[in-house]
Amino acid sequence: MDRLNAPARLMIVSDLDHTMVDHHDPENMSLLRFNALWEARYRHDSLLVFSTGRSPTLYKQLRKEKPMLTPDITIMSVGTEITYGTSMVPDDGWVEVLNHKWDRNIVTEEASKFSELILQSETEQRPHKVSFYVDKDKARNVRKGLSEIFAKHGLDVKIIYSGGMDLDILPQGAGKGQALAYLHKKFKAEGKLPTNTLVCGDSGNDAELFSIPDVHGVMVSNAQEELLQWHAENAKGNPKIIHATERCAAGIIQAIGHFNLGPNTSPRDITNFSDSELENVSASSEIVKFFLFYERWRRAEVENCEIYLASVKADCDASGILVHPSGVELPLCGAITGMRNYYGDKQGQQFRVWVDRVLSTQTGLDTWLVKFNKWELSGKIDLLVTGTCLHMGAVNRVSL
Ligand code: GLC
Ligand code: MG
């Protein structure tokens with residue numbers, strides 16, 4: 001990744017469904033807590049990698065449904081597609097690797113002879129991934145049968161069972177673990193091997209992430225039986241792998257603390273910002289805090305107190321400006337005054353705000369240019385995107 005010119009302090013490689021994203025939490029609290037922590041304390045010198053079984057189509061759909069950050073690297077279709085950055089530029093070198101001993105036609109033809117296998121939707125069939133559903137009690141035999149047939153054809157394939165229902169057939173060199181090993185190798189060649197890597201997962205297709213050398217791993221509390229069983233058989237006693245007591249993204253935050261990988265208090269868990277220690281102050285964390293205040297203000301979760309607004313304003317540099325992507329500039333102080341009219345307008349509603357890709361550059365002695373995207377989740381699944389820059393001065397005087 002060109003964004004960092006030194007090894008990442010932390011690289012998080014996380015599965016999405018039931019790991020980063022909790023489908024049983026309509027409030028998305030643990031995900032929002034993780035987002036705030038990542039943007040305030042990690043984004044500037046660390047790497048966020050999402051590694052999902054979903055195809056690009058279903059991945060993009062999830063992004064429209066859940067308050068997710070934009071990762072630096074997106075690995076999709078069970079480690080068969082690697083893309084970089086916001087524009088998701090594919091890694092063509094990885095495609096080359098996967099073509100080895102892979103013949104998609106033979107795979108689909110032979111698999112179609114198994115009546116127990118039900119083909120997944122067309123979007124989930126990818127150049128290096130053929131996916132089915134199969135009942136839990138039939139999975140073991142089907143896998144065995146498939147392996148024997150593919151071996152006869154001289155194909156080197158990998159069969160992965162996840163979530164007690166999904167069966168994926170991939171080239172042997174593919175999978176989430178192999179994709180991570182490939183990235184590690186690439187980073188190493190550039191002299192940028194991350195200082196720490198934390199892998200996070202909940203199901204069968206995540207298992208191989210945990211066997212990559214030197215990584216820390218967290219199986220979230222809600223991990224599937226097949227992953228726990230894999231762990232019991234293959235990695236028991238490895239102190240670098242934990243089974244968290246917390247669900248999903250809260251389990252990831254727990255692991256950051258457990259392995260001492262860096263700060264593990266989410267700004268969302270701080271109710272009184274004026275109490276937070278000064279050493280934590282950075283332009284990025286101030287932006288995170290500012291929009292948390294904005295969310296709480298509109299949800300009427302902070303007091304409607306003129307003094308509070310005035311103190312927020314007084315703490316911001318008088319020359320601070322917001323720059324909308326359209327180029328329109330708005331004085332920061334004016335924007336804060338304008339908030340008076342919005343107090344509580346989202347009270348009782350599912351209104352959430354999170355900032356994404358917060359990157360700051362110091363432009364003067366006490367001036368920062370901070371670029372970020374602010375997202376809003378309002379009402380149902382109404383995702384509002386804005387890209388904004390902010391000049392803020394004297395960051396160490398800002399306490400929201
Ligand atoms: C995701 C994919 C699916 C795959 C499953 C397990 O749900 O959409 O195709 O089988 O992950 O890897
Ligand atoms: Mg999962």
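The largest nonpolar core of this predicted model has 33 residues, and I12, M20, F34, W38, L48, M68 and L198 touch the most other members. A nonpolar core here is a set of buried Ala, Val, Leu, Ile, Met, Phe, Trp, Tyr and Cys residues joined through side-chain atoms within 4.5 Å. Buried means under 20% relative accessible area, exposed over 50%, and partly exposed in between, with a 1.4 Å probe and protein chains only. Two or more residues of this core come from each of β1 (10–14), α1 (29–42), β2 (47–51), α2 (56–65), β10 (196–201), α8 (248–258) and β16 (367–378). Helices (H or I, at least four residues) and strands (E, at least two) are DSSP runs, numbered from the N terminus. With six residues, α1 gives the most to this core.

I12 is in contact (heavy atoms within 4.5 Å) with F34, W38, L47, L48, V49, L198, C200, I252 and I256, residues up to four places away in sequence being left out. A second, separate core has 32 residues, including A8, I82, M219 and L227.

M219 is also touched by H231, as are K236 and I241, again not counting residues up to four places away in sequence. H231 sits in helix α7 (residues 225–234) and is buried, with a relative accessible area of 15%. Between H231 and I241 there are 8.9 Å in space, C-alpha to C-alpha, and they stand 10 residues apart in sequence.

The two pockets below were found on a 1 Å grid over the protein atoms alone: a pocket is an open set of points where a 1.4 Å probe fits, with protein on both sides within 12 Å along at least five of seven lines, and lining residues have an atom within 4 Å of a point. Grid points are joined across faces, edges and corners, and a volume is the space filled by probe spheres set on the points.

| Pocket | Volume | Lining | Nearest the centre |
|---|---|---|---|
| Largest | about 640 Å³ | 20 residues | R140, R143, Y161, E226, Q229 |

In the largest pocket, α5 (136–152), β8 (157–162) and α7 each supply at least two lining residues; α7 has the largest share, six residues.

Residues are numbered from 1 along each chain as its sequence is written, and chains are lettered from A and ligands numbered from 1 in the order in which they are written. Local features need pLDDT of at least 70, side-chain atom pairs count only at pLDDT 80 or more, totals for chains, interfaces and linings use all residues, and side-chain values use heavy atoms, with hydrogens and water left out.
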